[in-house]
Amino acid sequence: MARFYALSIEPNLFGETSLVRSWGRIGSRGQQKIHVFDSEAKAVDLLLSLLRKKRSRGYLPLQ
């Protein structure tokens, strides 16, 4: 099954940093979850942790 998983760090309107996770089957809208952090460093820590997990499960970066 072809699927996607995307991670992005974005600012929100309240001056906080958000980590946005999107996933699903290619061709579908998929799902999304947003984690809100006080600092960008915490968001980066979670992003790197999730990136390691997904790479170990076979997800590859977009080329």
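A: Start with one cut-off: a residue is buried when its relative accessible area is under 20%, and exposed when that area is over 50%. Keep in mind that this is a predicted model.

Q: Is Tyr5 buried or exposed, and what is its relative accessibility?
A: Tyr5 has 19% relative accessibility, so Tyr5 counts as buried.

Q: Where does Trp23 fall, with its relative accessibility of 27%?
A: The band between the two cut-offs is called partly exposed. Trp23, at 27%, therefore counts as partly exposed.

Q: How is a pair of aromatic rings described?
A: Two values do it: the distance of the centres and the angle of the planes. Searching the whole structure gives two aromatic pairs. In one, the ring centres of Tyr5 and Trp23 are 6.4 Å apart and the planes meet at 25°.

Q: Why is the pair of Tyr5 and Trp23 stacked?
A: Planes under 30 degrees apart count as stacked. The planes here are at 25°, so this pair is stacked.

Q: Which parts of the chain does the pair link?
A: Distant ones: Tyr5 is in strand β1, Trp23 is in strand β2, and 18 residues separate them.

Q: Which charged end sits over the ring of Tyr5?
A: That of Lys54, at 4.5 Å from the ring centre.

Q: How do strands β1 and β2 run, and how many bridges join them?
A: They run antiparallel, joined by nine bridges. As an example, Ile9 has Leu19 of β2 as its bridge partner. The two strands form a hairpin with five residues between them. In that turn, Gly15 has a positive phi of about 80°.

Q: How many bridges join β2 to β3?
A: Seven, again between antiparallel strands; β2 covers residues 17-25 and β3 covers residues 31-37. Leu19 has His35 as its partner in β3. This hairpin also has five residues between its strands, and Gly27 in the turn has a positive phi of about 100°.

Q: What is the volume of the largest pocket, and which residues line it?
A: The volume is about 220 Å³. The lining includes Tyr5, Lys54 and Tyr59, and also Phe4, Leu47 and Pro61. Two elements, β1 (3-11) and α1 (40-56), each give two or more residues to this lining. β1 gives the most, with five residues.

Terms used:
Residues are numbered from 1 along each chain as its sequence is written. This is a predicted model: local features need pLDDT of at least 70, side-chain atom pairs count only at pLDDT 80 or more; totals for chains, interfaces and linings use all residues. Side-chain values use heavy atoms; hydrogens and water are left out. Two strands pair if DSSP finds at least two bridges between them. Helices (H or I, at least four residues) and strands (E, at least two) are DSSP runs, numbered from the N terminus. On a 1 Å grid over the protein atoms alone, a cavity is a set of points where a 1.4 Å probe fits but cannot get out, and a pocket is an open set with protein on both sides within 12 Å along at least five of seven lines; lining residues have an atom within 4 Å of a point. Grid points are joined across faces, edges and corners, and a volume is the space filled by probe spheres set on the points. Rings of Phe, Tyr and Trp (its six-membered ring) pair if their centres lie within 6.5 Å; planes under 30 degrees apart count as stacked, over 60 as edge-to-face and the rest as tilted. Buried means under 20% relative accessible area, exposed over 50%, partly exposed in between (1.4 Å probe, protein chains only). A charge sits over a ring if NZ of Lys or CZ of Arg is within 6 Å of the ring centre and within 35 degrees of the ring normal.
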